[in-house]
Amino acid sequence: MGTSRVSCRRPSWLPSRRSSTASASKDFLQELRARSRATPRRLVFSEGTDARVLAAAAAAVNTSLFVPILLGKEDEVREELDVLGLADRALTVLDPNDPERLSRLSQALHQLRGHRGVTLEEAHHFVEDPLLQ
C-alpha cells in the first residue's frame with residue numbers, strides 16, 4: 001500500500017510562529033503603553049531615598065507611563081535626587097509624617113467612619129500607624 005508523505009516543513013508563505021508571536025507581543029505592549037499614557041495612574045514608592053527607586057521614578061517621568069509619588073522626608077528625598085542628578089525631574093514627594101497631612105487624614109477618616117463609632121482620637125491613631133497607612 002502506498003502511503004502519502006506529508007511534509008513537516010512550514011510553508012514559506014505562512015509566517016513563522018515565532019515572528020507572529022513576537023509581533024503579537026510587541027503589538028500588545030504598544031497598545032498597553034498607549035493606554036497607560038492616555039490615562040496615567042499614580043504609583044507610590046515607599047522607599048523615596050533609595051537610588052534604584054529614584055531612577056525608576058525618573059524613568060517613569062520620561063516615559064509618561066504613570067505618575068510616580070515618592071514617600072519620605074522631602075528634604076532627604078530632594079537631596080538624594082540632587083546627588084543622582086535627577087533634581088530637575090518633576091516628582092511628587094509626600095512626607096507620611098507631615099502633621100498637617102495627618103490631621104487632614106484623621107479628620108476625613110473620622111467623617112467617613114464616625115457613624116461606626118470611630119472617634120477623632122482613634123482616627124488619628126489609625127492614621128499615624130505606619131502599618132495601617
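## How α4 and α5 lie against each other

Helices α4 and α5 are oblique to each other, a label for angles that are not under 35 degrees (roughly parallel), over 145 (roughly antiparallel) or 65 to 115 (roughly perpendicular). This is a predicted model, in which local features need pLDDT of at least 70, side-chain atom pairs count only at pLDDT 80 or more, and totals for chains, interfaces and linings use all residues. Residues are numbered from 1 along each chain as its sequence is written, and side-chain values use heavy atoms, with hydrogens and water left out.

Two packed helices are described by the angle between their axes and the distance between the axes. Here, α4 (residues 99-113) and α5 (residues 120-128) pack at about 125°, and their axes are 8 Å apart. The axes are lines fitted to C-alpha atoms over the stretch in contact, with angles running from 0 to 180 degrees between N-to-C directions. Helices are DSSP runs (H or I, at least four residues) numbered from the N terminus. The crossing of α4 past α5 is right-handed, that is, the near helix is turned clockwise from the far one by less than a right angle.

## Who touches whom

On the α4 side, the contact involves Leu-102, Leu-105, Ser-106, Gln-107, Leu-109 and His-110, which meet Leu-120, Ala-123, His-124, Phe-126, Val-127 and Glu-128 of α5. Contact means heavy atoms within 4.5 Å. Sorted by type, the residues of this contact are 7 nonpolar, 4 polar and 1 charged; Ala, Val, Leu, Ile, Met, Phe, Trp, Tyr, Cys and Pro count as nonpolar, Asp, Glu, Lys and Arg as charged, and the others, Gly among them, as polar.

## Salt bridges

Side chains of opposite charge can pair when their charged atoms come close. The model has 3 salt bridges, each a side-chain nitrogen of Lys or Arg within 4 Å of a carboxyl oxygen of Asp or Glu.

In helix α1 (residues 17-38), Arg-35 and Glu-31 sit 4 residues apart, about one turn of the helix, and their closest N and O atoms are 3.7 Å apart. Arg-35 is exposed at 53% relative accessibility, while Glu-31 is partly exposed at 46% (buried is under 20% relative accessible area, exposed over 50%, partly exposed in between, with a 1.4 Å probe and protein chains only). Glu-74 pairs with Arg-78 at 3.6 Å between the closest N and O atoms; these two are also 4 residues apart, in helix α3 (residues 74-83), about one helical turn.

Asp-50 and Arg-52 join in a salt bridge of 2.9 Å, N to O. Asp-50 is partly exposed at 24%, and Arg-52 is exposed at 67%.
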